[in-house]
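Try each task before reading its solution.

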Amino acid sequence: NMFYSNIGDVIPEKNIVCVSPHYDDFLFFLGGYLLELKKNGLLGSKNFTNISTFSRSNYQERDSEGNKDASLRRVQYATGIRFIEDLECLDALLGPHNYFYRVMGEEESQVRGKILNEGEGEMEMAFGSYESMDAHDREILARMKDAAMEYMMQADTAVVLPLSMKGHIDHFIVREAGLTAAKEAGASRRASLYFAEDKPYAGMMDEAESKINDD
């Protein structure tokens, strides 16, 4: 049974803007919510925008050697595949042409040369926080904050951000950009903020990591 008996109460705002660190995060953040909306005939009551933040990607699943290659040819190859996969996914969830898609064009962690840490099972990710951010990361954070500010001023709007569970640097930057924009907007902010669990990282957290997120 769902926690909410009425799925329409979960996000009452009409306009939903998902700030996705990577190509698959719209699905991971909102997939279950969207399926419930669809099941209850409420999908058409919302307007959806997906912001693909770190859209210059060199990542392909089960290709550890290839994921170390940040060349333009590799980025063209991986980005093309992932972009089309993302569009196909959103088409399946929302219907073709029933959403807006914004590409920010930032380089994801591997393209920026971040070291991948081996996680549980087959998971690899680049951990990060303010302490480990370099000048490039801070420039991205500033750009993303400015982009997020635009949405903070929009009424009847929900901005969905990652919680940054387990601290993937790209997820951390997106979260902090949104939070910083919200704080700077202050009383003039009209949008509401929502935080989504980072799949599949949420299921890998231990208690210490959960406390970091709570704090």
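Buried means under 20% relative accessible area, exposed over 50%, and partly exposed in between (1.4 Å probe, protein chains only). This is a predicted model: local features need pLDDT of at least 70, side-chain atom pairs count only at pLDDT 80 or more, and totals for chains, interfaces and linings use all residues. Residues are numbered from 1 along each chain as its sequence is written, and side-chain values use heavy atoms, with hydrogens and water left out.

**Exercise 1.** Classify Asp215: is this residue buried or exposed?

*Solution.* Take its relative accessible area, 70%. Asp215 is therefore exposed. Its salt-bridge partner is Lys211, with the closest N and O atoms 2.8 Å apart. A salt bridge here is a side-chain nitrogen of Lys or Arg within 4 Å of a carboxyl oxygen of Asp or Glu.

**Exercise 2.** Find which parts the salt bridge between Asp170 and Arg112 ties together.

*Solution.* Start with the distance: the closest N and O atoms are 3.0 Å apart. Next, place the residues. Asp170 lies in helix α4 (residues 169-185) and Arg112 in the loop between β3 and β4, so the pair ties together parts 58 residues apart in sequence. Helices (H or I, at least four residues) and strands (E, at least two) are DSSP runs, numbered from the N terminus. Now check burial. Asp170 has 0% relative accessibility, so it counts as buried. Arg112 is buried too, at 13%. Finally, widen the view: Arg112, Lys114, Asp134, Asp137 and Asp170 are linked in a network of salt bridges.
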